[in-house]
Amino acid sequence: MKKVSIIIPVYNEVNTIDRIIPKVLAAETAGWKKEVIVVDDGSTDGTAERLSKWKRRLTVLLQPVNRG
């Protein structure tokens, strides 16, 4: 089976992340297996903590400081 990786970079998106992730997870991929990876680039607004609730459904990578 073919696989598509969707990478979502985020920085200080605590107010929008819970709207974005469900839309990405629900998107049709024409039969391809979907892998979703969210990379938090050192958010300071609670985004990293909010992402913890999604760890079972996607991969979350946390950068300790913003790297741009």
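**A buried aspartate and the core around it**

In this predicted model, the side chain of Asp40 makes a polar contact with the side chain of Ser43, at 2.5 Å (N or O atoms within 3.5 Å, one able to donate a hydrogen and the other to accept it; residues adjacent in sequence count only if both atoms are side-chain atoms). Local features need pLDDT of at least 70 and side-chain atom pairs pLDDT 80 or more, while totals for chains, interfaces and linings use all residues. Residues are numbered from 1 along each chain, and side-chain values use heavy atoms, without hydrogens or water.

Asp40 lies in strand β2, residues 33-41 (strands are DSSP E runs of at least two residues, helices H or I runs of at least four). Asp40 is buried but has no salt bridge (buried is under 20% relative accessible area, exposed over 50%, with a 1.4 Å probe and protein chains only; a salt bridge is a Lys or Arg side-chain nitrogen within 4 Å of an Asp or Glu carboxyl oxygen). The nearest side chain of opposite charge is Lys55, 10 Å away. Beyond four places in sequence, the contacts of Asp40 include Val10, Leu51 and Leu61 (heavy atoms within 4.5 Å).

Leu51 touches Asp40, and also Val10, Ile17, Ile21, Val38 and Val60. Leu51 belongs to the largest nonpolar core, of 12 residues (buried Ala, Val, Leu, Ile, Met, Phe, Trp, Tyr and Cys joined through side-chain atoms within 4.5 Å). Helix α1 gives the most to this core, with 4 residues.

In α1, Ile17, Ile21, Val24 and Leu25 are buried. They fall within an arc of 95° seen down the axis, so they line one face of the helix (directions from the axis to the C-beta atoms). Arg19, Lys23 and Ala26 are exposed on the other side.

Conventions. Lys, Arg positive; Asp, Glu negative; His and termini not counted.
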